[in-house]
Amino acid sequence: LNDCTHAGLSVGEDGETHQEQNYLNIPFHHTQVWMPADSNQAAAMAERAMELIAEGHQSVFVFSPRTGHPQLVHPKGKPLYDADYVFDGRADLIRGAGNTTDQVTIIATGIPVHRAAEAADRLMAQPHPIRVRVLNVGCVRPIDAAAIMQAALETRHLIVAEDHNSEGGLASQVADVIADFALPCSLRRLGLNHHFPSAKAEELELMAGLDTESMIDAVEDEV
């Protein structure tokens, strides 16, 4: 088990020399790559990782940011990852109905999941609501291809948000699924395409287009 912290823009004021942007691209055999969206999910991942390591056939890399963050919650405030949650590698439905009434899907991992949920809540509260499906992909490798295929076929518009190079990370995994199965959907990447100056993590999110407003803009462009 490889527990890796300080991923992406979370290093904030440490500047571009400390911004690791290519950590999800670990194409080793018998290796899984995970990124939790909050500490509750991270705890469930730790339990599952110990089971896999004890079995003796898999390695696991778990990446997390340096910055603190709240727990993911349902729109009514209940924690999404409670005491009964078990991490199984599948993508989790964070927002949306999970059927054809969803108009766009945001696929995210790590801190961007929080921004995606905020964007979905705000779009749903508009006078003319836009229903956004939000998927938290805790297991980037191997990706939950079934969830990607379902989202592509039901919503036709996929937006990937990741605190990572937009090439080689989650978006590339999603693009592979789209290409492999010739899925009839659009794909928009919200990620990192260069290094950024020293600033607070929240300010760097804004510069990179990973803030809530940028995600709202991306959704509205798609529909």
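How many aromatic pairs does a search of the whole structure find? The search returns 4 aromatic pairs, where rings of Phe, Tyr and Trp (its six-membered ring) pair if their centres lie within 6.5 Å, and planes under 30 degrees apart count as stacked, over 60 as edge-to-face and the rest as tilted. A pair of aromatic rings is described by the distance of the centres and the angle of the planes. For Tyr23 and Phe63 the ring centres are 5.1 Å apart and the planes stand at 40°, so this pair is tilted. Tyr23 sits in the loop between β1 (2–4) and β2 (31–34), while Phe63 belongs to strand β3 (residues 59–63), so the pair ties together parts that are 40 residues apart in sequence. Tyr23, Phe61 and Phe63 form one aromatic cluster.

The model is a predicted one, in which local features need pLDDT of at least 70 and side-chain atom pairs count only at pLDDT 80 or more, whereas totals for chains, interfaces and linings use all residues. Residues are numbered from 1 along each chain as its sequence is written, and side-chain values use heavy atoms, with hydrogens and water left out.

Turning to the overall fold, the protein chain holds 6 helices and 9 strands; helices (H or I, at least four residues) and strands (E, at least two) are DSSP runs, numbered from the N terminus. A compact globule of 223 residues would have a radius of gyration near 17 Å, and the 17 Å of the protein chain agrees with this. The radius is taken over C-alpha atoms, and the globule rule is 2.2 Å times the number of residues to the power 0.38. Along the principal axes, the C-alpha atoms fill a box of roughly 50 × 40 × 35 Å. Of the contacts between residues at least 6 apart in sequence, 76% join residues at least 24 apart, a contact being heavy atoms within 4.5 Å.

Burial and surface come next. Buried residues account for 52% of the 223 residues; buried means under 20% relative accessible area, exposed over 50%, and partly exposed in between (1.4 Å probe, protein chains only). The accessible surface of the protein chain is about 10400 Å², with 51% of it belonging to carbon and sulfur atoms. The protein chain carries 15 positive and 32 negative side chains, with Lys and Arg counted as positive, Asp and Glu as negative, and His and the chain ends not counted. The centres of the two sets lie 6 Å apart, each charge being placed at NZ of Lys, CZ of Arg, CG of Asp or CD of Glu.

Several loop residues deserve a look of their own. His6, in the loop between β1 and β2, has a positive phi near 65° although it is a residue other than glycine, and His6 is partly exposed at 36%. Ala182 likewise has a positive phi, near 50°; Ala182 lies in the loop between α4 (170–180) and β9 (186–192) and is exposed at 64%. A cis peptide bond with omega of about -5° joins Arg141 and Pro142, and Pro142 is in the loop between β7 (139–141) and α3 (145–155). Val86, in the loop between β3 and β4 (92–95), is exposed at 62% relative accessibility.

How values were computed: Accessible areas come from the Shrake-Rupley method with a 1.4 Å probe; for residues, only the protein chains shown count as cover.
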